[in-house]
Amino acid sequence: MTQGDVSHTIFGEPEPPPTRRRGHHRHAKRNNRRWLVLLIALALLGGAAWAAVSVIKPVLSSVFNGGGSETADFPGPGEGAVEIVVTPGETGEDIATTLRDAGVVKTRGAYIDVARSDPERAAAIQPGRYNLLKGMTAAEAFAVLGDPANRITSGTTVREGLWATETFEVLSKSTGIPVKEYAAAAKDARAIGLPAEAEGNVEGWLAPSTYEFPENSTAAEQLAAMVAQTVKVLDTAGVAPKDRENVLILASLVEAEAKLDEDRPKIARVFLNRLETDGAPTYGLLQSDAAVSYGAQRRSLFPSEAELNDASNPYNTRLIPGLPPGPISNPGAASIKAAANPADGPWFFFVAVNPITGETKYGVTLDDHNKNVRELTAYCKEKPKDCGL
């Protein structure tokens, strides 16, 4: 019995399909063949793509990470100290290259991946020098760079309240550039970016701070960085360009007279009250001993009697009313802020009753002031060395 006979016996005699149904089957078969061809083509393309990736991936790894198919990171913790320098303006990828080339991390990619996982900390990495080890994990290297305490500071520190001439000496001692070069550079207002309102006088415009000047930078370039910092501080304090010089003069007086930050806005107010309040005690006279000493070019807590009576000294605010003709020091940001935003108060007098701690007392009347002066006199009598006597 043939297979056809079995079909006939079990299912009965089938009806012959209409012509259109036979055409439909032929169309379906053609579609099936097309899908089969498409699947085979996709399989071939997928295989080719996989083969390409398997070939290219090691090459890309070698180009970007400096390695082949090996692990992208050292096991750590590393050994053998190596100094790394992060320069201003470097990106995370620049740092990654430096670390890889120095042997600190195995690949650039390992470090970049860690840095991208903590973008806020990565952005806070400061320029400077750091001590790391060769063969560190990328995470360990990133942790060192991300901690400001690990930054090696070897810059030039210029403290608040120095005169320009004293600032030149500090810079010279740190950089090896002769003082005369700084003095000459200070006279070239354009070269150091000195604003027109300074009228060519660099005093007051050399911002106190710690600077890490680029290697081989000139005296003019260094002074320009300091002037730019002062402009930045003034702008931050909201000082208009036309008011910059007067604010710096007042700030320099505050810097010279105040020891504690809490006193700076109050001392600024005392000076302004004397200048602005008609009929006030000693109206118009600032009576700053620090200004007198600056004009005499002699550092002293208490000017001599001759210096106090020297009317030829344009900075003698004991005798000459108004602000002195220029700043008497280079004030810090706190004093500039105090001068731009003085405290409210009725005081016309102040005196530091303790030269060591800086404790300062204020008076509205001359009697108030005399009482505070007696307190200072008693202190100096008991501890003359504290008062420079």
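**Around one tyrosine and beyond**

A: Leaving out residues up to four places away in sequence, Tyr294 touches Trp163, Glu203, Tyr315, Pro327 and Ile328, where contact means heavy atoms within 4.5 Å. This is a predicted model, so local features need pLDDT of at least 70 and side-chain atom pairs count only at pLDDT 80 or more, while totals for chains, interfaces and linings use all residues. Residues are numbered from 1 along each chain as its sequence is written, and side-chain values use heavy atoms, with hydrogens and water left out.

Tyr294 sits in helix α13, residues 289–296; helices (H or I, at least four residues) and strands (E, at least two) are DSSP runs numbered from the N terminus. With a relative accessible area of 10%, Tyr294 counts as buried; the classes are buried under 20%, exposed over 50% and partly exposed in between, using a 1.4 Å probe and protein chains only. One of its contacts is also polar: the side chains of Tyr294 and Glu203 meet at 2.7 Å. A polar contact is a pair of N or O atoms within 3.5 Å; within protein, one must be able to donate a hydrogen and the other to accept it, and residues adjacent in sequence count only if both atoms are side-chain atoms. Pro314 is 20 residues from Tyr294 in sequence, with 10.0 Å between their C-alpha atoms.

Let's move on to the loop between α14 (305–308) and α15, which holds Thr317. Why is Thr317 classed as buried? Because its relative accessible area is 1%. Apart from neighbours within four places in sequence, Thr317 is in contact with Leu285, Leu286, Gln287, Ser288, Ala291, Val292, Gly322 and Pro324. Pro321 belongs to the loop between α14 and α15 too, but Pro321 is exposed, at 54% relative accessible area. Setting aside residues up to four places away, Pro321 touches Gly284 and Leu285. Leu275 is 46 residues from Pro321 along the chain, and their C-alpha atoms are 8.3 Å apart.

The buried residues in α12 include Ile267, Ala268, Val270, Phe271, Leu272 and Asn273. Among the elements that cover the buried residues of α12 are α11 (244–257), α15 (333–340), β5 (349–352) and β6 (360–363).

Now for charges. Side chains of opposite charge can pair when their charged atoms come close. A salt bridge here is a side-chain nitrogen of Lys or Arg within 4 Å of a carboxyl oxygen of Asp or Glu, and the count comes to 15. Arg264 and Asp261 form one at 2.7 Å, N to O; Arg264 is buried at 8% relative accessibility, whereas Asp261 is exposed at 53%. In another, Glu276 meets Arg269 with the closest N and O atoms 3.9 Å apart. Arg269 is buried at 14%, while Glu276 is exposed at 54%.

The loop between β4 (209–211) and α10 (219–236) is where Ser217 lies. Ser217 is buried at 12% relative accessible area. Its side chain reaches the backbone oxygen of Pro214 at 3.0 Å, and the side chain of Ser217 makes a polar contact with that of Gln222, also listed at 3.0 Å. Beyond four places in sequence, Ser217 touches Ile177 and Gln222.

To put all this in its setting, the chain has 16 helices and 6 strands, and buried residues make up 35% of its 389 residues. Of the contacts with a separation of 6 or more, 62% are between residues 24 or more positions apart.
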